[in-house]
Amino acid sequence: STAGLIPWANCAGYLIGALGAAKATPPGSRRVWLLGALLASAATTAAMGLTASIAAFLVLRFLGGVASALVLILASALVLDRPAEAGRPGLMALHFAGVGSGIAVSAALVATQLAAGASWTAMWQASGVVSLIGALAVALLVPAGREPPAVPRSAQGAPRDPRLRRMTLAYGLFGFGYVITATFLVAIVRATPAIRGLEPVIWIVVGLAAAPSVALWSWLGQRIGIQTAFATAALAEAVGVLASVLWPSAAGICLAALLVGGTFIGLT
């Protein structure tokens, strides 16, 4: 139950961060806010290895969630207009591939440390250091200067369109299925003797499946329509969620990792 509370705090922080970013554009340079959020993410990650207090864990993961929501929104705002201006919209998929790549890199880092007998505190601190290196890379790669104009906020709020309500409900159900599996997938592997050996690599599979997923679903959406692609991806994720609990074997758990990893960023 404690293991569930910790990512709950992270998701709650992400929700608050996303809602806050949707309500108001941060003052000043979005690049500065992006770099600040990346630094906050790295710091809260490393700090998890400096305490053994559950209360501190909850606070740190909440703050890390707020920071990660700001990173996704601000990075997208800064990056996605550039490929469109350059006439290369396909590069947008490369931006979102960073999420899956980050999952794979962090999972490989933890698996390597696990094999070396590192403590859990060292794993958190090393993850924070790698996150800091990533933040420094962003500072070098995202230039200062001209930024895309901020999108003006509507004074009338969200349109009262029943289709939007249905899409929001569908998106909420997707999040419900994805986050439970993402939270407990490793616990399921650890608790099943036949597949326990997959524990160090299962999140690597999730990340590698996620990295090309936006390119795949964008391509599919152009051919069958974005709504049909969304529904197909949601059904694929549902199969992956079911496989994680109904097929407790190496094949079943790898299918779950591939389908959940290969859909959650594409659906977003």
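Mentor: A residue is termed buried under 20% relative accessible area, exposed over 50% and partly exposed in between, with a 1.4 Å probe and protein chains only. This is a predicted model, in which local features need pLDDT of at least 70, side-chain atom pairs count only at pLDDT 80 or more, and totals for chains, interfaces and linings use all residues. Residues are numbered from 1 along each chain as its sequence is written.

Trainee: How many helices and strands does the protein have?

Mentor: Helices (H or I, at least four residues) and strands (E, at least two) are DSSP runs, numbered from the N terminus. On that basis the secondary structure comes to 12 helices and 0 strands.

Trainee: How far apart are the end C-alpha atoms of helix H7?

Mentor: H7 has 30 residues, 162–191. The expected span is 1.5 Å times one less than the number of residues.

Trainee: Which helices are included in what covers the buried residues of H7?

Mentor: The buried residues of H7 are Phe 174, Gly 177, Thr 181, Ala 182, Leu 185, Val 186 and Val 189. Their cover includes helices H8 (202–210), H10 (226–246), H11 (250–261) and H12 (264–267).

Trainee: What percentage of the protein's residues count as buried?

Mentor: The protein has 268 residues. By the cut-off above, the buried share is 32%.

Key. Side-chain values use heavy atoms; hydrogens and water are left out. Contact means heavy atoms within 4.5 Å.
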